[in-house]
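Me: Hi! I have a new structure open and would like a friendly tour. Can you help me find my way around?

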Amino acid sequence: MISVRRSAERFRGGDASAGIESLHAFSFGHFYDPDHLRFGAVLACNEERLEPGAGFDEHPHSHTEIVTWVVEGELTHRDSAGHATVVRPGDVQRLSAGGGVRHVERNDGDVPLVFVQMWLAPRDPGGEPSYEVVRGIADATPYALPAAGALLHVRRPGTGERTAVPDAPLVYAHVVRGRFNLGEHALGPGDAARITGAHGLELVAAAAPAELLLWEMSG
């Protein structure tokens, strides 16, 4: 089964006066939609746009796996565990909040910053916070998130190239840029597909540059 949620259906949040625009694919913050609480382990898929100098001041997280994919610009991250990094396009950042951690996210550059941030529920809440950045992840190398029973696949195909959908109980697909065809469904930037019981499905890149994030989940 394939359920498509269009970019225009996302909840618009953020604070325009502070240079922050947020688009939420699931219930988030004060926005509640009982039909869009989560899909498998995925609790949130937020597209964040920060103007130069804008950012999220120090705030807490707990019992959440937070994975960030930078689309444009550079993301400055600092957290209460002592990590301070700059995350760039092509990098995967993971913050495992464990029993509790605080962090800051900012655009300290001089160009707009766009990133996709995905929150996943850990199988076993609590524990010590942890953090890592994988630089320049390759399309052929999935990023494993065993704490949530999930794998992240990054795909950047050329026009007409095919991308296999993992044969998994649950797959969440988010289009970062470009256009894709998934069976009878045409997907554009910001569109997402929630796929249940996939077998033999393919996504075909219809317009380049194309970029796609696929979460493969065991259930």
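Reply: Happy to! One term before we start: two strands pair if DSSP finds at least two bridges between them. Also keep in mind that this is a predicted model.

Me: Good to know. How many helices and strands are in the chain?

Reply: The chain has 0 helices and 19 strands.

Me: What holds strands of a sheet together in general?

Reply: They pair through backbone hydrogen bonds, in either a parallel or an antiparallel way.

Me: Back to this one. How many bridges are there between strand 5 and strand 10?

Reply: There are 5 bridges, and strand 10 covers residues 101–106. If you want a spot to look at, Phe56 stands opposite Glu105 in strand 10.

Me: Let's zoom out. What size of box do the C-alpha atoms fill?

Reply: Roughly 45 × 40 × 35 Å, taken along the principal axes. The radius of gyration is 17 Å, which agrees with the value near 17 Å that a compact globule of 219 residues would have.

Me: And how much of the chain is buried?

Reply: Buried residues account for 51% of the 219 residues. As for the accessible surface, the chain has about 9600 Å², and 51% of that belongs to carbon and sulfur atoms.

Me: What about contacts between residues at least 6 apart in sequence, how many of those join residues at least 24 apart?

Reply: That share is 73%.

Me: New topic: how many salt bridges does the structure hold?

Reply: It holds 14 salt bridges. One of them joins the side chains of Glu74 and Arg88, at 3.0 Å from N to O. This pair links distant parts of the chain: Glu74 is in the loop between strand 6 (65–72) and strand 7 (75–79), while Arg88 is in the loop between strand 8 and strand 9 (92–96), 14 residues apart.

Me: Are those two buried, exposed or partly exposed, and what is the relative accessible area of Glu74 and of Arg88?

Reply: Glu74 is partly exposed at 36%, and Arg88 also counts as partly exposed, at 37%.

Me: Which residue forms a salt bridge with Asp91?

Reply: Arg135 does, with 2.7 Å from N to O between the side chains. Arg135 is in the loop between strand 12 (130–134) and strand 13 (143–145), and Asp91 is in the loop between strand 8 and strand 9, so the pair ties together parts 44 residues apart in sequence. Asp91 counts as buried because its relative accessible area of 5% is under 20%. Arg135, at 44%, is partly exposed.

Me: Where do Glu211 and Arg177 lie?

Reply: Glu211 is in strand 19 (residues 202–217) and Arg177 is in strand 16 (residues 170–182), so this pair ties together parts 34 residues apart in sequence. Their side chains meet in a salt bridge of 3.5 Å, N to O. Glu211 is buried at 7% relative accessible area, whereas Arg177 is partly exposed at 26%.

Me: Last one: which residues are linked in a network of salt bridges?

Reply: That network links Arg10, Arg12, Glu21, Glu47 and Arg49.

Definitions and conventions
Residues are numbered from 1 along each chain as its sequence is written. This is a predicted model: local features need pLDDT of at least 70, side-chain atom pairs count only at pLDDT 80 or more; totals for chains, interfaces and linings use all residues. Side-chain values use heavy atoms; hydrogens and water are left out. Helices (H or I, at least four residues) and strands (E, at least two) are DSSP runs, numbered from the N terminus. The radius of gyration is taken over C-alpha atoms; the globule rule is 2.2 Å times the number of residues to the power 0.38. Buried means under 20% relative accessible area, exposed over 50%, partly exposed in between (1.4 Å probe, protein chains only). Contact means heavy atoms within 4.5 Å. Accessible areas come from the Shrake-Rupley method with a 1.4 Å probe; for residues, only the protein chains shown count as cover. A salt bridge is a side-chain nitrogen of Lys or Arg within 4 Å of a carboxyl oxygen of Asp or Glu.
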